[in-house]
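Subject: Structure handover and notes

Hello,

Here is the structure for you to look over. My notes come after it.

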Amino acid sequence: MTTTEYDVIVIGAGPVGENVADRVVRGGLTAAIVERELVGGECSYWACMPTKALLRSASALRAARHLPGAREAVTGDLDAAAVLGRRDSFASHWKDDGQVSWLDSAGIALHRGQGRIVSTRVVEVTDADGATARLTARHAVVVATGSSALLPDIPGLREAAPWSSRQAASARSVPGRLVVIGGGVVATEMATAFAALGSAVTVLARDGVLPSVEPFAGELVTESLREAGVTVRLGVEAVAVNRDDSGTVHIETADGERFDADEVLVAIGRTPNTQDLGLETVGLAPGAWLPVDDTLRVVGGGDWLYAAGDVNRRVLLTHQGKYQARAAGDVIVARAKGATVEDGRWGRHVATADERAVPQVVFTDPEIASVGLTAAAAAAAGLRTRVVDYDLGAVAGASLHADGYKGHARMVVDEDRSVVVGFTVAGPDVAELLHAATIAIVGEVPLDRLWHAVPAYPTVSEVWLRLLETYGR
């Protein structure tokens with residue numbers, strides 16, 4: 001067995017692992033990355049990029065149909081084959097040559113295979129042929145293996161070969177009938193996409209539609225899905241699934257209903273990819289999430305083991321994982337060189353934004369863009385808040401953007417500090433509004449100063465002025 005030594009070993013070559021390794025190398029250390037699937041990870045091939053490519057064409061078509069003059073030029077429906085083809089290009093046709101080339105250019109060594117921790121700072125990699133190589137880290141091992149779709153213990157479900165987010169994102173054809181079990185982000189985005197592509201979609205949302213966002217946003221999405229022909233059943237739980245010899249899937253619910261489909265998508269949550277990493281050799285539980293301290297070091301894992309991205313369960317979003325990766329890579333370099341560790345709130349070596357300044361866009365129709373705390377979360381955190389709402393469709397820029405524009409905006413203010421701690425906006429094409437709110441929350445900009453951030457007229461961003469006017473000066 002060959003043994004190779006590096007300063008840092010990263011298990012997982014998704015966006016998070018790539019960013020950790022890149023920061024380490026930029027800091028003057030050596031790094032190796034271990035990957036058992038495609039370099040680039042879930043986001044590149046089965047999540048962020050291909051799913052948004054599936055959604056974008058329908059979004060552009062809807063926008064055109066809401067504008068007189070443009071709607072008259074639209075003479076047909078979506079070309080499903082063309083949409084899937086564009087999706088394929090954004091998934092690089094499920095080939096990772098470009099990402100591997102980037103690793104080479106960045107000076108990061110790649111070891112393909114299953115990585116397992118076998119002792120302190122030692123990782124063994126078993127490749128597809130069964131050959132094993134041993135890697136030793138001088139300073140740190142970073143687990144960045146992400147998460148997978150959670151499959152519930154519903155009788156018959158596994159035997160029915162359900163879709164997870166991966167199969168939905170990489171589908172080769174559009175099913176005539178699709179049942180979606182779940183009501184979260186993946187469930188609603190894929191319901192939006194496949195309904196637009198021609199599927200008859202049914203959503204079984206036991207816990208409601210988008211229950212973690214502001215209620216008004218979930219209600220707008222539910223209304224829109226129904227207007228698009230999607231059957232949305234709230235509070236309905238699937239209790240049995242069966243795929244018959246003809247390929248039809250039968251889903252039975254707790255209240256005795258039955259739904260038939262060509263495919264069933266399960267989108268109820270995620271589970272950590274930690275089952276086969278050798279965690280038991282260092283006293284940690286296989287298959288469990290990896291809790292970390294503020295500098296992303298694994299609690300109970302020694303001073304050399306770090307975890308970044310989904311696997312630590314702080315925030316299951318690619319951009320937050322990459323944010324964590326930058327902090328983790330930089331702190332590993334600082335500790336290796338004996339430099340000062342900046343681990344105070346908003347310091348260079350911590351991921352403070354994970355706590356109260358997480359931005360997210362749900363690419364449904366309408367889009368939902370949010371950052372910080374919802375009104376309910378702020379109240380639960382004990383903050384003395386004031387909630388400010390405004391009809392987004394009443395903003396001049398929105399009326400120009402589309403006839404019949406329907407949307408809503410909410411600002412949550414911490415009254416004791418006079419700063420914004422939460423912002424949610426729902427409406428067509430609102431994603432690009434989000435970063436202004438993120439800056440206001442991260443920067444803890446006082447409302448008195450926000451009055452001087454004048455939005456251009458006539459843009460949808462004028463909603464900031466309307467929210468401040470509603471709040472009062």
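First, the ground rules. This is a predicted model, in which local features need pLDDT of at least 70, side-chain atom pairs count only at pLDDT 80 or more, and totals for chains, interfaces and linings use all residues. Residues are numbered from 1 along each chain as its sequence is written, and side-chain values use heavy atoms, with hydrogens and water left out.

**Overall**

The chain holds 15 helices and 21 strands. Both are DSSP runs numbered from the N terminus: helices are H or I with at least four residues, strands are E with at least two. The radius of gyration is 24 Å, close to the 23 Å from the globule rule for 473 residues, so the chain is as compact as a globular protein of that length. That radius is taken over C-alpha atoms, and the rule is 2.2 Å times the number of residues to the power 0.38. The C-alpha trace spans about 65 × 65 × 45 Å along its principal axes.

Of the 473 residues, 51% count as buried. Buried means under 20% relative accessible area, exposed means over 50%, and partly exposed lies in between (1.4 Å probe, protein chains only). The chain exposes about 20400 Å², and carbon and sulfur atoms supply 49% of that area. Areas come from the Shrake-Rupley method with a 1.4 Å probe; for residues, only the protein chains shown count as cover.

Take the contacts in the chain with a separation of 6 or more: residues 24 or more positions apart account for 62% of them. Contact means heavy atoms within 4.5 Å.

On charge, there are 44 positive and 59 negative side chains, and the centres of the two sets lie 3 Å apart. Lys and Arg count as positive, Asp and Glu as negative; His and the chain ends are not counted. Each charge is placed at NZ of Lys, CZ of Arg, CG of Asp or CD of Glu.

Strand β12 (residues 249-253) runs antiparallel to β13, and four bridges join them. Two strands pair if DSSP finds at least two bridges between them. Val 249 stands opposite Ala 261 in β13. Four residues sit between the strands of this hairpin, where Gly 256 takes a positive phi near 90 degrees.

Which residues of β13 lie on its covered face, and which on its uncovered one? In β13 (residues 258-261), Phe 259 and Ala 261 make the covered face, while Arg 258 and Asp 260 make the uncovered one. In a regular strand the side chains alternate between the two faces of the sheet.

His 250 lies in β12. His 250 is buried, at 13% relative accessible area. Leaving aside neighbours within four places in sequence, His 250 is in contact with Ala 240, Val 241, Asn 242, Asp 244, Arg 258, Phe 259 and Asp 260.

**Backbone details**

Two cis peptide bonds deserve a look. One runs from Asp 365 to Pro 366, with omega near 0 degrees. Pro 366 is in the loop between β17 (359-362) and β18 (367-372). Another joins Tyr 457 and Pro 458, with omega about -5 degrees. Pro 458 is in the loop between α14 (447-450) and α15 (463-471).

Leu 210 has a phi of about 50 degrees. Leu 210 sits in the loop between β9 (200-205) and α8 (215-227), and is buried at 4% relative accessibility. Asp 429 has a phi near 55 degrees. Asp 429 lies in the loop between β21 (419-427) and α13 (434-442), and is partly exposed at 32%.

**Two leucines in strands**

Is Leu 135 buried or exposed? Leu 135, in strand β6 (residues 132-143), is buried, with a relative accessible area of 0%. Beyond neighbours within four places in sequence, the contacts of Leu 135 include Thr 4, Tyr 6, Ile 9, Val 34 and His 111. Ala 32 is 103 residues from Leu 135 along the chain, yet their C-alpha atoms are separated by 8.6 Å.

Leu 234, in strand β10 (residues 231-234), is partly exposed at 46%. With neighbours within four places set aside, Leu 234 is in contact with Ala 205, Gly 208, Val 209 and Arg 226. Leu 234 and Ser 44 are 190 residues apart in sequence and 32 Å apart in space, C-alpha to C-alpha.

Best wishes
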